[in-house]
Amino acid sequence: MDLYLGIDLGSTTSKAVAVGEDGRILGRGITNTRSNYRVASDIAREEALHNARFAHLARAMESRGYPASRHEAIYSDLALHFRLEGYLKRLDALARECERTNAALSPEEAVPGECLAEVFEILRREAPATFDRQARNDSSKFFRDIAGTAFADAAEEVSTRWKLSSEPLVAIYERSIVPAENDRIEMDFGRSLTSACARTLENHPEERENSGFVKALEDATKQAVALDLVTKDMVGTGYGRQLLPFPEESIRSEILCHGLGAHRIFPETRTVLDIGGQDTKAIQVNGEGVVTSFHMNDRCAAGCGRYLGYIADELAISVKDLGPLACKADKTIRISSTCTVFAGAELRDLLNLGEKRENILAGLHRAIVLRAFSLLARSGGVHNEFTFTGGVAKNVAVVQYTQEMVRRNYGAITMNVHPDSIYMGALGAALFALRAARGESLPAAGVAEPDRSTRGARRMEIKA
Amino acid sequence: MKHQRLDALARADRVLNDLSYGYVQDWLGRGADRHAVGYLPIYAPREIIAAAGMIPVGVFGAGDALDIVKGDAYFQSYICHIPRSVIEMALDGRFATFSAFIFPAICDVIRNLSGMWQMNFPDQYVKYLDYPQNFDPEVGGRFYRRELEDLLENLVRISGREVSDAELHAATARYNENRRLLDRLYDARSRAPHNFPMSEVYRVVRAGSVLTVDDHNRLILDYLAAAEAEPLPDQDRIRVYLVGAFCEQPPLGLLKTLEQAGCALVGDDLLLGMRFIRGDVATEGDPLDALVAAYLTKCGWSSAVYDGDNPREDKLVEDVRACKADGVIFCCPSFCDPALLDRPMLQKRLDEERVPYASFQYSENTGQFQVIREQAGTFSDSIKLWE
Amino acid sequence: MSETPRIVKEKSMVVQKKMLAAYYKGLASTGETGQKVVYTFVPGNLTELILSFGAQPVYPEINALQSGMRKKSMEFIRQAEKMGHSEDVCTYVKCDVGMMLKGNVGPTGETIPAPDLLLCSYTGCFTFMKWFENLAKMYDCPVVMLHVPYRSAGEASPAMVQYVVDQLRTRVIPALEKVTGRPYDEERLRTMLGLAAQAEDDMVYCFESAKNRPSPIDGYFAGVYYIGPIFTAFRGTEECVTYYRSLREDIDERIARGLGPITPEGQIEKEQYRLVVEGPPNWTNFREFWKLFYDRGAVVVASTYTNVGGSYDLGFRHDPAHPLETMARYCMSCYTNLSLPQRTAVLSNYVRDYHADGLLVNSIKSCNSFSAGQLQMLRRVEEETGVPVGFIESDLVDPRYFSYANLKNRLDSFFQMLDQKLTPGESDA
């Protein structure tokens, strides 16, 4: 199968999307951007290709009468266990790195080798449970997020047993995690999938006893493994795109990619708002997904995802909880500045004045939206349909205020919010790759049904 | 009676808190041939507008009372705040009933705003009022007279009614009365700042940017009478002169913060245009010549007027001495080139004169005053300790 | 302007280099020659008048931009901020103030003499007035103010012309007479104004050559070198006429040979995009900034910045028959003294007359005179002409406001947006 890849090297995460000859999404991958951009892009790409094989497997199962809709639990377990295989591989790399770090330490700083070995023994043994607990409902957790907490727990346990302080162990981890993340790991898709299948069937006696199912899974697995994936072309985009080992003509600005990606998912899109970690983009596209005008925030990152991060840190809560909390407000405190530098001080000041946390948060969210709407106004306003993407589009309070602002300033508009908006840039890049290969200047719109299959994509009709 | 003071303030607040200019709409509604003329800071010869049978309305931005969306779409982040809220208000149609707008020559931002007005609101008469920076009656005076004639001719064109010298004299007399009352208010405040808190005086003065001159004169009188009848208790505060806020106005909360931090404001350049001409304008002879002469010889100091042989640091020191201020607070709007570029020169002179000072920046929608509170408190404490 | 950065040397570059060297040498030796020094500004400069009194003009904003190009500006700005200037205000002012505090050493390493007269002709920028008020406190010398009215209603009215003429007559000329000890020599002034007009004709010819395809010049990045002589100490001199004549010949040759503009890294071989640019350039990273354009084959065919010292291509010429009146009209003709509707019309006309593919605004943090209103102008030009517009931000001489990654990101997006518009139906890969 021929495919085209788009790689979006963002400031915090790197994304890859593979599309087929017909422009349909085949697979996608994501990882945290690390010091080594090449590794980050390789991991995201590999994950996208695995994801494509997985999708193939699901289709193969479906054709054999086992659609994902009826066996949801086992499919999600299978996906989880496949990720677990990758986790275990990376854990080996981390173990090697920690040993190396420990060996290089002075005798006073180093820990007994057995001690370290015990930590990893626990990590490996607990991996399935750890993974189930931490990653099942949260696909945004990367290796370091999961391994970090697990390591700390294991180190605590081992050091107590050895009557040592856990600090030297944690210090070793801190020094080793970056090189371990940057280590190149070969994943054998077939072997990992087979292993994941075995692990999964163990937990699902009903399917395990169903010989038809088992046989179908075996066949589908073989088919997915055998699938000949040929990457015909790749295009890079994103914050770090200049650092990708790609030729200049295979690099596209993320503005164009976001515009095209969003237009692909929602073909009636004319205005795109993307709020990412570092910047906010207001983009206007025409009927073909071609960008006609855009504006980005100026040099300060006020009102971007990072601002929410500071706020969450200040309140010592998770970024994910900010939006729901803000929605519980009974009034919206007026916040004048979305300056990241002053965010903390302003927040503390308001808390000291006795304002409710929810109400302050409501004000902060509203301030973010106000700022975004200024950029939209600069770029030419909001036109039907309006698509909201970027990590911040996951925030319910932001979405709510955005709807309100659209209604008030632009009237009746269809607004699309995409939960996987984080992949929009990579999708646009993949479409550019396809377009270049097909020798068409304009994006290949209409070659296939737009892929709106992603669960949870939301369309809301905003009434005037 | 305490309620008389509150009543006066409530009258002021009614016009100040109304971004839809209900007072102006009511005034316009009382006659078919009535017109409203907006003007930006700092100074416009309101005598001419009033004489033409129109209501002059000072437009000082929306302070912290409005969400700015469209305004930010028109102005980059490194430009001060007032033009954002003014354009936001305009695009929201809050000035839809106004017939004309005057943009005085005080800086490049307000100047360019005049052009944006021409492009966005072609139905309104836009007058860029170029104050002369040459004070020779035969040169700058002649030019300024032409500017005023041009304004008057256009107002006459809008109203379709000639304006007599007698009407101009009459309007001038009413504004002379207004200037005298404002002087009285400022003198009273300087003598007894505890009884005339800045947070009150400011509202009473600012109401005059919207009220007709007669209504404003009555308001000042009522407030003065109420305050004098029922004085507030004295407080132990240092006496401070406030400089830098000649155009974009600080939020009321900032003024309150300064007073709470122990600084009684006894002199300031807030709403400078209301007191721009110091003393009476002649009410005989040629009325426009009288306004020209007043500008050339009686205008106060400000960052917008070239100081040539009459340095504004001398004027500042004079004013500080006259109102017996213990120190000066520089309170400039962020990104205000004129005020901020004056600051080092003024500070240098205060250093020489051993007048203590502190400096802040704000924008009209600043919501948090914690830092200012601390700094102003420290400033006040340090001065008290020295006494 | 001090340095000619190009590898390819044309006749005119050599001429310019010699002129500048002689100028700075002349300035450095005013101590011995007794020549008087007059500080003034580029927009609305009265160079012929100053030269007719035998005095030497110095332009603080040229000093500031050269400090920027020589990577000295940060140090100077810090110096000024240390003495109480806000981070918010115009960095030209701070750079100049800092340079003075650090000994006023010019681009050639020679000291720039202190002024004998500050001639504040404040055209198109209110901050100029504040700048000279600051300088007046730092130098012990007379100041003369020339207030140039703003063309809010579009044209310069007779009253506005009269006002400037009156100021020239009653203030500026007497001040120059007093400082130099020489009487006003109107005949000499007329001769110089005639020479100015000759150079102006050739200069306009040179800039309008960008209407050719490919354009033989870059009207912004190279344009700032082309405006050098006529915007500064040479207007009204024979050298200036010679310079523009030789520039014109160089350009004619390029047109004849079908050559594109010269850049610091040689010639642009293929003109990819024709742009109109509004706003001054950044000076601290001038070459890096330019490179972002020429690497992509982007040629600026017209820019408004090259009108800051006079809008000659809009028709103004010095007229020796009416010396004071022509100087007054000149002052009012400078680009930032035009009303916003006029500036918008200039941009739309440039886009049409120069067959530009897009409009780019470089919004300068320091310069409210240019920047306030640019977002509206941008939108209006887009509506009027239909070309894509782009918006970037930087500063004149404060390197803290030059973010290479940020600019590259926006410019890449802008160029790729133009690609999509320019090449429908064919591969761009």
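User: Before we start, what does buried area mean here?

Analyst: Happy to begin there, and please keep in mind that this is a predicted model. Buried area is the accessible area, taken with a 1.4 Å probe, that two parts lose on being put together, summed over both. The size of an interface is often given in this way, as the accessible area lost when the parts come together.

User: How much area do chain C and chain A bury between them, and what share is on carbon and sulfur atoms?

Analyst: This contact takes 27 residues from chain C and 30 residues from chain A. Carbon and sulfur atoms carry 48% of the buried area, and the total that chain C and chain A bury is about 2300 Å².

User: How many salt bridges and how many polar contacts does the rule find across the interface of chain C and chain A?

Analyst: For salt bridges between chain C and chain A, the rule gives zero. Polar contacts do turn up there: with both residues at pLDDT 80 or more, the number of residue pairs is six.

User: Which element gives the largest share of the side of chain C that touches chain A?

Analyst: The elements of chain C that give two or more residues to this side are α17, β10 and α18 (404-422). By class, the side has eight nonpolar, eight polar and 11 charged residues. The largest share, 10 residues, comes from α18(C).

User: Now for chain B: what area is buried between chain C and chain B?

Analyst: Here 53 residues of chain C are in contact with 52 residues of chain B. Carbon and sulfur atoms give 57% of the buried area, which comes to about 4400 Å².

User: Which element gives the largest share of the side of chain C that touches chain B?

Analyst: Several elements of chain C give two or more residues to this side, among them α7 (127-138), β4 (143-147), α8 (158-180) and α15 (340-353). By class, the side divides into 21 nonpolar, 22 polar and 10 charged residues. The largest share is eight residues, and the element that gives them is α8(C).

User: How many residues apart are B:K70 and B:D92?

Analyst: These residues form a salt bridge, with the closest N and O atoms 2.5 Å apart. The pair links distant parts of the chain: B:K70 is in helix α4 (residues 70-74) of chain B, while B:D92 is in the loop between α5 (82-91) and β3 (98-104), and the two are apart by 22 residues.

User: What relative accessible area do B:K70 and B:D92 each have?

Analyst: Each falls between the cut-offs of 20% and 50%, so B:K70 is partly exposed and B:D92 is partly exposed. The value for B:K70 is 22%, and for B:D92 the value is 36%.

User: Which residues of chain C belong to the network of salt bridges that share partners?

Analyst: A search of the whole structure finds 83 salt bridges over all chains. Those that share partners join B:D307, B:R312, B:E313 and B:D342 with residues of chain C into one network, and the residues from chain C are C:K130, C:E133 and C:K137.

User: Which residues does A:V396 touch, leaving out those up to four places away in sequence?

Analyst: A:V396 is in helix α14 (residues 396-410) of chain A, and its relative accessible area of 38% makes it partly exposed. A:D321 is 75 residues away in sequence, yet the C-alpha atoms of A:V396 and A:D321 are 9.7 Å apart in space. The residues that A:V396 touches are A:G323, A:P324 and A:C327.

Methods: Residues are numbered from 1 along each chain as its sequence is written. Chains are lettered from A and ligands numbered from 1 in the order in which they are written. This is a predicted model: local features need pLDDT of at least 70, side-chain atom pairs count only at pLDDT 80 or more; totals for chains, interfaces and linings use all residues. Side-chain values use heavy atoms; hydrogens and water are left out. Contact means heavy atoms within 4.5 Å. Helices (H or I, at least four residues) and strands (E, at least two) are DSSP runs, numbered from the N terminus. Ala, Val, Leu, Ile, Met, Phe, Trp, Tyr, Cys and Pro count as nonpolar, Asp, Glu, Lys and Arg as charged, and the others, Gly among them, as polar. A salt bridge is a side-chain nitrogen of Lys or Arg within 4 Å of a carboxyl oxygen of Asp or Glu. Buried means under 20% relative accessible area, exposed over 50%, partly exposed in between (1.4 Å probe, protein chains only). A polar contact is a pair of N or O atoms within 3.5 Å; within protein, one must be able to donate a hydrogen and the other to accept it, and residues adjacent in sequence count only if both atoms are side-chain atoms.
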